[in-house]
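Here are my notes for someone opening this structure for the first time. Please keep the model on screen while you go through the numbered points.

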Amino acid sequence: MDRFLCVHGHFYQPPRENPWLEDIEVQDSAHPFHDWNQRITRECYGPNAASRVLDSNGRIVEIVDNYKHISFNFGPTLLSWMERKEPDVYRRIIDADRASRALRSGHGNALAQVFNHVIMPLANDRDKETQVLWGLRDFEKRFGRKAEGMWLAETAADTASLEMLARHGIKFTVLSPTQARAIRPARRASDKPHDHSDGGDWQNVSGGRVDPSKPYLWRSPKGLELTLFFYDAPISRAVAFEGVLSNGDVFAQRLMTGFASDRAGAQLVHIATDGESYGHHHRFGDMALAIALKRIAQSGQARLTNYGEFLESHPPVWEAQIHENSSWSCAHGVERWRSNCGCRLGGHGNWSQEWRAPLRRSLDRLALKMDAIFDQRARTFLSDPWAARNDFIDVVLDRRDDSVKSFFARHAVKELKEMDQIDALRLLEMQRQRLLMFTSCAWFFDEVSGLESTTVLTSAARALQLAASFPEGVGLEKAFLTELAEAKSNLPEVGNGAVVYERFVKPVCADLPRIAAHQALKALWRTEKDEGSVYCFDYSFLDRLTDRSAGTALSRGRIRVRSQITRDTLDAAYAVMHLGGHDFHCVLRSSPDWTRLAPVLDQLGDAFNSGSLSDGLSLLSEHFDPRVFELQDLLLEERRHILSSVIEDILGRFEGTYRLLVEDNKKLMNYLLKASFPMPHAFRLALESVLGRDLHQGLLHFNSDESDTALLRRVFSEAKSFSVALNWAGVGQTVQRRLESHMEELSQKPSLEKAKKCLALLSLGDDLELPLSLWSVENTYFTVWNDSLRLFSKSVSDKPDHHAYRALADRLRLLP
């Protein structure tokens, strides 16, 4: 077989975590999912781990793990999120690489990636090295092996970047054919290893004219070597933009067009696209991929392989030169990430990307200032600050105390005191955020106020906050905002990058006092344990007391908050007054003298219980720190939870009025429907309120007894009749969780009762038109059905009470 096929998927999302919380807060634009990572996992990353192959009747013939059959790389920051939030999908990806080694002569399908997707030619040498080392260390921890290949963000390459890969043991990378400048036969294998004599005249292949079916040796002026694979651009473009994933057989045929009968020797047809093409950008693209690879493998037209396996058996006999500062997604090299080159998504014809240059410039200058602080300050604690930064990935991957202790044992100039360790961690975290603020997506899109640009500015803000722990960093933010103001927005209401920072970044900033106030406010609203964690902070209530009266409340006590990232700790006294509705008032007293403050808290309680709220507020103003925390200072998701409860309480006071209006006029409303008369706005508001509250009650009934669905069904029927839009997301999520739970129990110990419960929930989902995701349920039942229940079902086919297993298989589109 001299025909080989390799499909590569570049799976990546930018770091979306709030850098103060180390977690992603809810992103409304990803609705009905919590955030974009979750949404794309459900649409793409998960489905590719268990893709359906269907027969002509739409039944599931086979479930295929695409990751076992394609080359792929996942961004390290995406895998970090996935390990915490989608562990089943994460495990499947890791397992697929392990399985691929058995299929591909010991070569795994997974490639490493530079850590947080920076444009390597635009990074300085130190950042290049850290990006490579962090990406490799992350890969080794997750996949349990050394990486053979590494993906460069946007395939952006220059000599220094390729040298960095080669210097750290990388064997190959994948580039666009437009990045190839010239080729020639490589020197003979018998030549001396460092003999750089000519292999002949260079042939110009600019403009994508390089033959993509073979590997090429790249040699640096320093004698370093790396293999380059230039992917097939026309087929890759067809996958990404031309709709070829609408049909698996069409995709297979398109892949086979990459082979040419006039080429001598082995041919490797390989394509590279964003992995999100297979399911997120193109719905069911994962299925087209599974079918295409299955058809090709079964037909014997080509042998599936990966880059490492092909390279071992077919070392390069040609060498190549590249265009410096080139990439796969900018016709102008790497200008898309530093200038208004004209490359953009489009859709806003009059928009300009002049903001890219000042955004890059302001961050470059900020980085230089932070590097100077790091280089000077870190030498007090670390023997080689930059080597320590390279090694800090071990702490990023494992925040436990033993990991931190081991890190300092390797890098500290001496045994560090606790405060010195905290300062060292602040400096290293400043460097981590300073690296994250160059994530490429900030410049890729069309507007400086977009989500991706805002995200890197949050990293800059966190780095600035950490820098301000040292005298040299105190004034950096003001100077940064002056320069950032030169990045002009296309939106008049936004203005410029400094406004973006003030309007969208500053409100999400957090510090230990805000976290302490968050927990104090939260504990007033609902029961909280005496100690626990909130995001990346540990907290403990050392003392607390709460009084309530006529819709108001007072809570006071002591709280300790500790960062799991820097080990910074705050001990504070706190007092929270709830004056009703959304009016909350929280203050802290840092490092309090408890003997002096305790009597004040007693006076505060007396004032509250006597009904003198003004006296209570005076005491807070006199004895606590001047910073006041209100409901808006709660972290986003808890703030929304409390506001929803406040609003629900307010609306509940009017429920009787709305319900009376609906009940007294139900006949008239039905008549208006029959008469095709527009429903009066007041009637529609009343219907939305009443049916919305009934929906909530119906969900409570269902939670208590999942067979109690009468109220849910009635609400659905009436809402549909009157064209009232309700939020059924909570019902759908609850039904899906129950369904997945029953299916998991059924897979462990099959029972007709569980099968019937699954059928009932599926029927409810159909009746209420809930958009249930059956991916996990189908995966589980496919295995148990084919392993045992199919034969069992046939053996008891004459017993009607045992038909539930077969009915469930039929409902989930499995073969009988």
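1. Start at G144. This glycine sits just after α4 and takes a positive phi of about 70°. Bear in mind throughout that the model is predicted.

2. Now look at the other end of the same helix. N124 caps the N-terminal end of α4. One of its side-chain oxygens lies 3.1 Å from the backbone nitrogen of R126.

3. What span should α4 have? The helix has 19 residues, so at 1.5 Å a residue it should span 27 Å. The C-alpha atoms at its ends are 27 Å apart, which agrees.

4. The structure holds 3 cavities of 30 Å³ or more. The largest cavity has a volume of about 60 Å³. α2 (76-85), β5 (110-113) and α4 (125-143) are the elements that give two or more residues to its lining. The largest share comes from α4, with 4 residues.

5. Which residues line the largest cavity? They are F74, P76, L79, L111, A112, Q113, G135, D138, F139 and F143. By type, that lining divides into 7 nonpolar residues, 2 polar and 1 charged.

6. The second largest cavity has a volume of about 40 Å³. β5 and α9 (307-313) each supply at least two residues of its lining. The lining consists of S71, G108, N109, A110, L111, R145, E148, G149, F172, N306, Y307 and G308. Here the division is 4 nonpolar, 6 polar and 2 charged.

7. Is E309 buried or exposed? Its relative accessibility is 4%, so E309 counts as buried, the cut-off being under 20%.

8. What does the side chain of E309 meet? It makes a polar contact with the side chain of R303, at 3.0 Å. The side chain of E309 makes another with the side chain of T305, at 2.6 Å. Leave out residues up to four places away in sequence, and E309 touches L103, R104, S105, H107, R303 and L304.

9. Turn to helix α13 (residues 401-411), where H411 is found. H411 has a relative accessible area of 11%, so this histidine is buried. Setting aside neighbours within four places in sequence, H411 is in contact with F381, L382, S383, A387, A388 and D391.

10. Last, an open space. About 1,300 Å³ lies in the second largest pocket. Its lining has 43 residues, and F241, D274, W328, S329 and F444 lie nearest the centre. These 43 divide into 17 nonpolar, 17 polar and 9 charged.

11. Which elements supply at least two residues each to the lining of that pocket? They are α1 (36-49), α6 (233-241), β12 (267-274), α15 (441-444) and α16 (451-467). The largest share, 5 residues, comes from α6.

Definitions and conventions: Residues are numbered from 1 along each chain as its sequence is written. This is a predicted model: local features need pLDDT of at least 70, side-chain atom pairs count only at pLDDT 80 or more; totals for chains, interfaces and linings use all residues. Side-chain values use heavy atoms; hydrogens and water are left out. On a 1 Å grid over the protein atoms alone, a cavity is a set of points where a 1.4 Å probe fits but cannot get out, and a pocket is an open set with protein on both sides within 12 Å along at least five of seven lines; lining residues have an atom within 4 Å of a point. Grid points are joined across faces, edges and corners, and a volume is the space filled by probe spheres set on the points. Ala, Val, Leu, Ile, Met, Phe, Trp, Tyr, Cys and Pro count as nonpolar, Asp, Glu, Lys and Arg as charged, and the others, Gly among them, as polar. The expected span of a helix is 1.5 Å times one less than its number of residues. A polar contact is a pair of N or O atoms within 3.5 Å; within protein, one must be able to donate a hydrogen and the other to accept it, and residues adjacent in sequence count only if both atoms are side-chain atoms. Buried means under 20% relative accessible area, exposed over 50%, partly exposed in between (1.4 Å probe, protein chains only). Contact means heavy atoms within 4.5 Å.
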